[in-house]
Amino acid sequence: MLKVKELIKDFGKVRIINSVEFEVKADEIVSLVGPNGAGKTTLVNLISGHILPTSGRIEFIGRDITFASPYKRIKMGVARNFQITNLFSDSSILDNVRSCLFSVYGKIKRGFLPANHYRAITQEAIDILDLFGISEKKELFPPSLSEGDKKILDTAMAFALKSKFILLDEPTSGVATGDKFKVMDTIVSAIRREKMACMIIEHDMDIVSDYSDRVLVLSEGEIIADGKPKQVMEQDNVKEILFGVRA
Amino acid sequence: MEHWVIYILNGLYFASFLFLTSLGLSIILGVMGILNLAHGSLFAIGAFVAAWIVGAFGSNSPITLLFVGLLAALGVAGVVGLALETSLIRPMYKRALEYQLLITFGILLLIEDLIKMIWGGTAYYASKPFTVMGSLSIGDNQYPYYFLFAMLISMLAGLSIWMIMSKTRVGIMLRAISMDREMAQAMGIQVGRLNTLAFGMGAALAGLAGALIVPTTPALLGIGMDPLILAFIVVVLGGLGSLKGALVGSLIVGETRSLGIVFFPEIELPLLFLIAVIILVFKPEGLFGR
Amino acid sequence: MGVKSIIFKPKFLVYLGCFILLLFLPRVLPIYHLILFESGITFAIMALGFNLLLRYTGLLSFGHGALFAVGAYAVGMTGEYFPDLYRIEILIPIALLASLVVSTIFGFICVRHTRIFFSILALAVSMVIYALLIKLYHITGGSDGIHIELPIMFGKSFEGMKRFEFLSGAYYYLLICVFAASTIIMLAIVNSPFGKALQCIRDNEVRAEMIGIRVRRYRLYAFILSGLFTGLGGAMWSFVNGHVTPEIAEWMFSGEIVYMTLLGGFMVFEGPIIGAILFTYLRLYAVTMTQYWMFLIGATLIILVLLLPEGITGGFVKLVSKIRRTPSTGVA
């Protein structure tokens with residue numbers, strides 16, 4: 001589904017991403033782990049189109065999207081959340097998700113009938129909130145949510161875009177340690193249910209290993225391991241980088 | 001040919017007090033992020049103070065009076081600026097844009113009527129220094145020495161601001177604030193006090209500009225409105241918080257006006273706005289903006 | 001939610017009640033006050049448009065006076081140069097068309113920026129209109145402006161009639177209907193998916209782009225819609241005032257538009273309407289009370305910004321929610 005080939009990104013003279021190659025198949029959940037500063041968020045930004053690569057190629061469902069605008073990628077089915085939550089703070093939780101759906105169904109230009117009139121879409125928005133376990137908070141506004149719920153809402157919005165592929169940049173950062181697995185459970189089960197492909201970015205291997213079909217390890221801009229979570233964890237270079245253990 | 005020289009020199013005179021006005025506006029906008037709609041009123045205060053001094057002590061030498069008037073205008077406008085910042089503007093920094101603009105709009109209305117209360121609705125003339133200074137002959141044309149004097153004052157003021165901004169500790173801190181407010185605060189710069197200073201400085205410059213204009217135009221109610229709008233254009237043209245921008249912007253506006261009044265008086269003002277708009281469309285940050 | 005459920009909403013009933021009250025107003029209000037009120041209503045139509053930008057799109061325009069002037073001058077200049085078309089059912093579409101053209105151009109220029117840059121740019125482009133109105137005096141009448149004759153309304157001529165008779169008669173009812181229609185249309189816009197999209201842009205333009213909203217284009221649409229309401233307000237105002245001058249295009253008037261919107265409270269949909277009507281009275285009373293009316297208006301403005309930033313309606317909403325939250329002790 002998503003193919004990344006020899007992707008390179010330089011900031012000035014510094015090479016942040018060094019000829020990265022990987023693939024994500026349909027309905028596969030892949031985790032991208034690596035220490036801070038490995039270039040994970042840069043990679044996400046390259047795939048979502050927020051920044052453009054120095055060279056290389058990104059393909060999505062057989063089409064070259066290397067230099068496509070973020071808007072175009074969204075319309076093709078690439079969605080993302082944000083590491084630092086990025087919500088519509090003065091709109092209700094329901095409207096946060098519902099606006100995504102209006103956009104997906106091409107109804108966002110409709111300017112006359114009230115949003116509540118679109119009952120099917122409103123119901124779908126509530127269903128999505130249900131799926132993520134926050135539907136009872138639909139009338140609230142984002143600032144009144146807990147950090148975990150904000151993360152969940154952020155993901156729910158990317159989810160509502162009905163994308164084929166969803167990028168989750170540290171979906172549990174800022175969430176209290178005890179709640180991290182609960183948040184992951186909620187998010188991953190929703191994604192599995194819709195059979196979306198997904199790439200989860202995380203610096204902590206423990207959080208993602210149980211949820212991923214495959215793990216990529218990124219270190220200093222290069223992919224140093226790619227395989228099933230168990231196999232990858234056994235690799236010596238991974239242990240050294242992620243756990244600071246010298247083999 | 002000589003006509004052209006005169007037109008261009010007239011434009012320079014025009015640019016000289018515009019430069020002072022817009023420099024003040026630009027400092028306030030750059031450092032505090034506030035568009036001071038009352039800037040024209042501070043200009044007017046300077047104009048009235050200077051005109052009143054030159055007119056009221058008529059028996060003294062007009063040139064001395066002019067200097068006193070310029071200094072007094074600078075001082076009074078500066079003090080008014082300091083008072084305004086500490087009382088009304090300060091609570092606005094954390095507020096939304098609409099409140100920041102409205103408070104300066106409110107101050108503008110207040111000052112306009114305060115001027116009316118203090119000096120009445122009549123015009124104040126202070127043309128004596130202008131006539132006393134005489135004029136320079138360029139071919140068949142006369143060019144007043146006063147215009148050269150005004151340019152000199154304006155250049156001196158600009159130069160001192162440049163010195164303050166680039167050489168002194170305070171100036172460097174002010175520039176740090178205008179680049180990144182939060183960072184400056186984190187570095188331990190006392191943003192609050194410097195805000196007051198910046199506003200006072202901007203106000204003083206406006207007052208000086210107002211004082212410089214009265215030997216050629218009587219001080220009237222609403223005298224600050226045109227300079228305010230022109231200063232907006234200068235700031236927009238030159239880029240926010242840029243001294244060079246204020247200078248080049250003033251020159252463009254001054255010359256366009258001076259030549260425009262001669263060659264196409266009907267559309268001289270719309271033309272200026274159009275130039276500003278076109279530059280903004282292609283170079284949103286202004287000519288020398290960041 | 002169908003039409004029936006809208007009709008039985010309490011808010012709709014309040015609206016209906018207000019509309020019926022408005023219909024009876026000419027019978028109770030002295031003519032002088034009625035005309036003042038009409039002027040306030042035309043400002044209210046404009047303020048609705050202004051607030052679509054401020055409250056719902058997050059853009060503060062300091063140049064809406066020019067768009068108001070476009071509507072007003074469209075009427076005046078049609079009267080000057082095409083007297084055959086001087087019928088209100090033609091004049092309003094002409095005013096809307098003129099506003100459409102001008103606000104599209106202005107919007108195209110202005111929405112490239114946000115925040116203070118948007119405000120300054122809106123001010124700059126509005127001054128182009130002001131300067132043109134002043135300088136092209138052989139077309140626009142310069143600072144003297146243009147006199148507005150009484151228009152033909154749906155085939156009926158009012159020639160020879162006094163303006164106040166016209167304003168307290170047929171025109172009043174037309175204005176009320178236009179106002180009601182504007183309010184309903186604006187209410188529909190802000191609650192529609194499109195309106196929600198604008199609010200998304202206001203809240204977070206980066207995320208809005210990421211859910212597939214074309215931010216700049218939608219800002220332009222909002223600017224144009226806002227311009228249409230403002231122009232309509234200007235056209236309706238021109239008949240009430242009987243005369244249009246370039247003053248309404250000047251930035252001081254644009255400042256007054258911001259003032260009235262904040263006076264009413266821009267966070268509440270109805271706030272700008274109330275603000276516009278109140279401001280009309282406030283300004284007139286200040287002018288008649290003292291020669292220092294600017295001082296009075298300015299002082300009121302400063303007090304408002306410092307003490308009641310939510311405006312009258314916002315303050316009211318706050319008060320109500322405070323009373324509700326306080327448990328009713330002692331009161332039976």
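User: What percentage of the residues of chain B count as buried?

Analyst: Burial is read by counting neighbours: a residue is buried if 20 or more other C-beta atoms lie within 10 Å of its own. In this predicted model, 53% of the 290 residues of chain B pass that test.

User: How compact is chain B for its length, and which elements is it built from?

Analyst: Start with the elements: chain B holds 12 helices and two strands. Read from the N terminus, their order is α-α-α-α-α-β-β-α-α-α-α-α-α-α. The C-alpha trace of chain B spans about 60 × 45 × 35 Å along its principal axes.

User: Which contacts in chain B join residues 24 or more positions apart?

Analyst: Here one reads a share. Taking the contacts in chain B with a separation of 6 or more, 77% are between residues 24 or more positions apart.

User: Now the interface: how many residues of chain C are in contact with chain A?

Analyst: Count each side on its own: 22 residues of chain C are in contact with 31 residues of chain A. On the chain C side, α9 (170-191), α10 (193-203) and α11 (205-210) each supply at least two residues. The largest share, eight residues, comes from α10(C). Sorted by class, this side of chain C has 11 nonpolar, five polar and six charged residues.

Methods: Residues are numbered from 1 along each chain as its sequence is written. Chains are lettered from A and ligands numbered from 1 in the order in which they are written. This is a predicted model: local features need pLDDT of at least 70, side-chain atom pairs count only at pLDDT 80 or more; totals for chains, interfaces and linings use all residues. Two residues are in contact if their C-beta atoms, placed from the backbone, lie within 7 Å. Helices (H or I, at least four residues) and strands (E, at least two) are DSSP runs, numbered from the N terminus. Ala, Val, Leu, Ile, Met, Phe, Trp, Tyr, Cys and Pro count as nonpolar, Asp, Glu, Lys and Arg as charged, and the others, Gly among them, as polar. A residue is buried if 20 or more other C-beta atoms lie within 10 Å of its own, exposed if 12 or fewer, and partly exposed in between; C-beta atoms are placed from the backbone.
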